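Hi there,

Here is the structure I promised to pass along. Please have a look, and then read on for my notes.

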Amino acid sequence: MKEAKNGKTVPEEVVKMIFSNISSIYQFHAKFFLPELQKRMENWSSHPRIGDVIQKLASFLKMYGEYVKNFNKAVELITVWTEKSLPFQELIADIQKRKVCANLTLQHHMLEPVQRIPHYELLLKDYIQKLPPESPDWNDAEKALEMIFMVAKHSNTAIAEMERLQNLWEVYQRLGLEDDIVDPSNELIKEVPVQKISTCNNSTSEKYLFLFNNMLLYCVPKVIQVGTEFQVRLRIDMDGMKVQELNHMQFPHTFLVSGKQRTLELQARSGEEMNAWIKAFQDAIDRKEKRSESFKMVVRGLETGNPTLKTKNWAGAPQWVRDNLVTMCMRCKEPFNAIMRWRHHCRACGYVVCACCSEHKVKLQYDGNRLNRVCQECYVFLTGHVVLEDQEWKHKGILEKGAAEISGRSLLCSSLQLLDKNGKGGMRGWFVIPWDDPLVLYIYAAPQDVRAHTSIPLLGYQVRDLPQGKAQHLFQLAQSQQVYTFLADTEELKQRWMRTMARCAAGIIHPEEGEDVDSCSEAE
């Protein structure tokens, strides 16, 4: 990083892209995980347990998911910059010659964090195997293994999701990146060339089909393939689509696809290929119908003016979407945060949604007319109530939380000054640590701003007290090479901020019962 800042080898942002969040991972292990384990080892004779330690900190191991997702890109960047920059090549060679590297390449060392979680899982399994059943650590170790397994699953899911998005992006590039097609939530099911049978002259021509979970794209290969490989001629939505085999005397292996937009008569290359297409279509249609079945019941009730809609609804429980199949809220599309953004299921449609999109409850017939959490869309359908736009702060980006709004439910908020690198001047603003997002410090230009100027993730940072000079109340947040220096108006306010930031940086999200809390009103 020092070489990058000097601008002699490689841009600083490239170094950050190569090493991703490895600094946070290192800080977590050096300051939290390893000290806890070492302390337990020192007292092993009187307290032979490690399961509770792993349970306490296992959630933070999900940080590895971000590193794992970035690994292939990081290795590719090293290869590219080694080829294009001789100083970078020499720097890497110099690092690899050092004794601490044990004659191993940089890529080999970068692979170790990728293998860390599976290694923990194997070690914990071996530990449990050797534990006697009467061991006081048996139950905690079993629970810890289950949590490590979920963390490993989280990393594997992250890899699979990145591969899915990469493949999807490549398909979109081949299709020309049209606005009404590009959607990261789409799933490509099947793609293959087929023969289109003309109903006018009874001839065939080669076309290309892309079947997604929500639509069929009917394409033709471009004669001059500059930038894109196919031209999209037609899009047929999955709603109302039907597929069936045809007995065509002239053209064998023929099947019919009919939708709201158009009906296509298509010929596969073999009977096996035709059957595979029909099965793929039918599976996609069935899945789409299951997802929309509940809403169709509501729409029918609205069309017939059913007066009992508000009290008699949802005769059957919906099929829930599995948590591991989504990475963002299926309503507002906000990504889920592994630590703070909890996932909820709408009890009406089964979608996985965030807390903000499921803050309403309605009575559902299948659950004995008890109140159940539902998503906002189901709430509007079932009750007819309109949700006001000024209540829909949930659809805003991560920085688009109003200062006044989150200050009213914060761990601490007040005016501070963020000094520049020279410690001489800087920005004075309104600083907030929200109660529902306590691992992030939000910085506003003014207390009534509707959007934060910037934010700082607190996890893994160290809080430092600076000597008081010239009546200045200074303190710092530091992690690796990143240092933020703050100036408070009073010594008391500085101490409050230092206590609160230290707790959040240590992952102590909310105070336990009986502990003192520095409230926003007190800070003001």
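Below are some notes on what turned up in it.

First, the ground rules: this is a predicted model, in which local features need pLDDT of at least 70 and side-chain atom pairs count only at pLDDT 80 or more, while totals for chains, interfaces and linings use all residues. Residues are numbered from 1 along each chain as its sequence is written, and side-chain values use heavy atoms, with hydrogens and water left out.

Let me start with Leu 209, which is found in strand S2 (residues 204-212). Helices (H or I, at least four residues) and strands (E, at least two) are DSSP runs, numbered from the N terminus. Leu 209 counts as buried because its relative accessibility is 0%; buried means under 20% relative accessible area, exposed over 50%, and partly exposed in between (1.4 Å probe, protein chains only). Not counting residues up to four places away in sequence, Leu 209 touches several residues, including Val 194, Tyr 218 and Trp 277; contact here means heavy atoms within 4.5 Å. Leu 209 and Val 194 are 15 residues apart in sequence, yet 7.1 Å apart in space, C-alpha to C-alpha.

Next, the sheet. An open sheet of seven strands runs in the order S15-S14-S13-S12-S18-S17-S16, with antiparallel pairing; two strands pair if DSSP finds at least two bridges between them. At the edges are S15 (454-457) and S16 (462-465), each pairing on one side only. Within the sheet, S12 (residues 410-419) and S13 (residues 426-434) run antiparallel and are joined by nine bridges. Leu 418 has Met 427 in S13 as its bridge partner.

Finally, the empty space. Rolling a probe the size of a water molecule over the atoms shows where empty space is left. A cavity is a set of points, on a 1 Å grid over the protein atoms alone, where a 1.4 Å probe fits but cannot get out, and lining residues have an atom within 4 Å of a point. The count comes to one cavity of 30 Å³ or more, and the largest cavity has a volume of about 60 Å³. Volume here is the space filled by probe spheres set on the points, with grid points joined across faces, edges and corners. Among the residues lining the largest cavity are Phe 28, Phe 60 and Leu 459. Helix H3 (residues 22-42) gives the most to this lining, with four residues.

Best wishes

Note on methods: On a 1 Å grid over the protein atoms alone, a cavity is a set of points where a 1.4 Å probe fits but cannot get out, and a pocket is an open set with protein on both sides within 12 Å along at least five of seven lines; lining residues have an atom within 4 Å of a point.
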